[in-house]
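Subject: Model for you, with notes

Hi,

Here is the structure I promised. Please open it alongside these notes.

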Amino acid sequence: MRGDFLGADGRLLPEVQAFARETAQAHALPLDGVEALLAEARYDATAARLMAPPARTGRIRRAWTSYRQRHVDAVRIREGVSFWQAHRAALDRASARTGVPPSIIVAIIGIETVYGRYTGDHRVLDTLATLGFRYPDPNRPERQAMFREQLADLIVLDHRGELDARVVEGSFAGAMGLPQFMPGSLMRYAADGDGDGRVDLAGNTEDAIASVAAFLQAHGWVRGVPVFAPVALPADAVRRAQDGLKPETDWAALRAAGARALPGGGTAWQAQPLGVIDLRDEIRGTHEVRCATPNFFAITHYNRSYFYAASVADLAHEIADRIGYGDPNRLDGPGARAAAGRLPRG
């Protein structure tokens with residue numbers, strides 16, 4: 001099968017050929033193998049359409065309430081309980097090793113794929129080539145560059161025999177398996193959860209669980225600290241809200257501004273850098289302001305959205321509450337409920 005990134009002469013388009021040379025040289029791969037793989041890539045019109053900027057004019061208004069309702073829903077809560085019960089041993093092992101509570105691992109897999117129900121049916125080679133060479137928004141060259149980097153990682157994984165790039169499927173953005181790892185994350189953070197010597201994020205739940213935990217640990221997860229600190233923030237807290245991906249304040253500064261610690265949740269979080277985040281609903285005109293720990297920001301490495309990270313924490317709490325796992329007033333045990341993050345807040 002010949003692909004859609006070829007010229008009339010049957011050779012790779014110049015831009016694609018240059019990428020093939022750069023990838024082969026950077027990763028010490030045989031050039032002919034890289035070229036052969038890219039020659040089979042097909043243009044994925046659906047991926048391009050779904051990645052295209054919205055046709056509407058004006059800025060899209062942020063709506064936390066609607067976002068939360070879509071992600072912290074009855075199906076994910078119910079199936080999350082079943083998933084936890086079915087894989088309790090693997091979750092406890094991953095939690096003990098990394099400090100990431102089972103509730104957080106379960107919540108991420110639930111939000112990403114509803115526990116494997118929706119992992120995507122796009123060939124990853126096609127989506128990454130499409131978005132890497134024909135990204136539908138010319139104003140986002142950094143996005144196109146990112147997808148090319150992921151395509152290079154996919155080619156490396158194929159060369160190593162860790163996947164078959166000609167058949168592996170994923171989302172319209174190239175994310176794969178239960179935890180929806182991009183090729184770069186699969187290469188750098190995926191873990192062998194069952195010790196069989198290979199990683200399979202699509203068919204091996206233990207590998208998926210171990211990989212989510214390993215990813216968060218690598219991105220700064222702090223054992224024994226909640227996602228949201230048990231803090232009553234001062235009345236003007238929304239004025240102090242940040243929008244970056246690193247915490248910008250600390251407990252001493254917040255306390256001096258009038259914040260007070262609430263009972264429960266321990267005190268380990270007080271030694272950590274903190275962030276004040278505003279979960280804004282511009283449609284309803286509301287603000288939900290929370291005090292975020294480094295574990296909140298660890299989740300934003302999975303998805304840069306504050307809404308996403310807060311939904312993970314809230315879903316984790318809802319599932320853990322139904323499991324009855326852990327003492328809500330302790331944070332030192334694997335999977336303590338408070339570590340899921342939805343504690344009282346100002």
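A salt bridge here is a side-chain nitrogen of Lys or Arg within 4 Å of a carboxyl oxygen of Asp or Glu. Keep in mind that this is a predicted model: local features need pLDDT of at least 70, side-chain atom pairs count only at pLDDT 80 or more, and totals for chains, interfaces and linings use all residues. Residues are numbered from 1 along each chain as its sequence is written, and side-chain values use heavy atoms, with hydrogens and water left out.

Salt bridges

The whole structure holds 20 salt bridges. Arg68, Glu288, Arg290, Asp314, Glu318 and Arg322 are linked in a network of them. In general, side chains of opposite charge can pair when their charged atoms come close.

Glu79 pairs with Arg117, with the closest N and O atoms 2.1 Å apart. Glu79 is in helix H5 (residues 74-86) and Arg117 is in the loop between H7 and strand E1 (122-123), so this pair ties together parts 38 residues apart in sequence. Helices (H or I, at least four residues) and strands (E, at least two) are DSSP runs, numbered from the N terminus. Arg117 is partly exposed, at 44% relative accessibility. The cut-offs: buried is under 20% relative accessible area, exposed is over 50%, and partly exposed is in between (1.4 Å probe, protein chains only).

Glu206 and Arg93 form another salt bridge, at 2.9 Å from N to O. Glu206 sits in helix H11 (residues 205-218) and Arg93 in helix H6 (residues 88-98), so the pair ties together parts 113 residues apart in sequence. Glu206 is partly exposed at 27%. Arg93 is partly exposed at 40%.

Asp278 and Arg280 also meet, at 3.2 Å from N to O. Asp278 is buried, at 5%. Arg280 is partly exposed, at 29%.

Which residue does UniProt list for "active site"? The unreviewed entry gives Glu112. UniProt positions follow the numbering used here, feature names are shortened, and annotations may be inferred rather than shown by experiment.

Glu112 lies in helix H7 (residues 102-113). Its relative accessible area is 22%, so it counts as partly exposed. Beyond residues up to four places away in sequence, Glu112 touches Tyr118, Leu178, Pro179, Gln180, Tyr302 and Tyr308. Contact means heavy atoms within 4.5 Å.

H7 is mostly covered, with 11 of its 12 residues buried. Those buried residues pack against helix H4 (64-71), H5, H6, H11 and helix H14 (306-323). Val114 follows H7 and has a positive phi, near 50°.

Nonpolar cores

A nonpolar core is a set of buried Ala, Val, Leu, Ile, Met, Phe, Trp, Tyr and Cys residues joined through side-chain atoms within 4.5 Å. The largest has 89 residues; Leu38, Ile104, Ile105, Leu151, Leu154, Leu216 and Phe296 touch the most other members. H14 gives the most to this core, with 12 residues. Where does the core lie? Domain 1 (12-51 + 119-174) and domain 2 (229-335) both give residues to it, so it lies between them. The domain bounds come from an automatic or database domain assignment.

Leaving aside neighbours within four places in sequence, Leu154 is in contact with Val124, Leu125, Leu128, Leu163, Ala165, Val168 and Pro183. Another core, of 13 residues, lies apart from the largest one; among its members are Ala229, Trp251, Leu254 and Val276.

Best wishes
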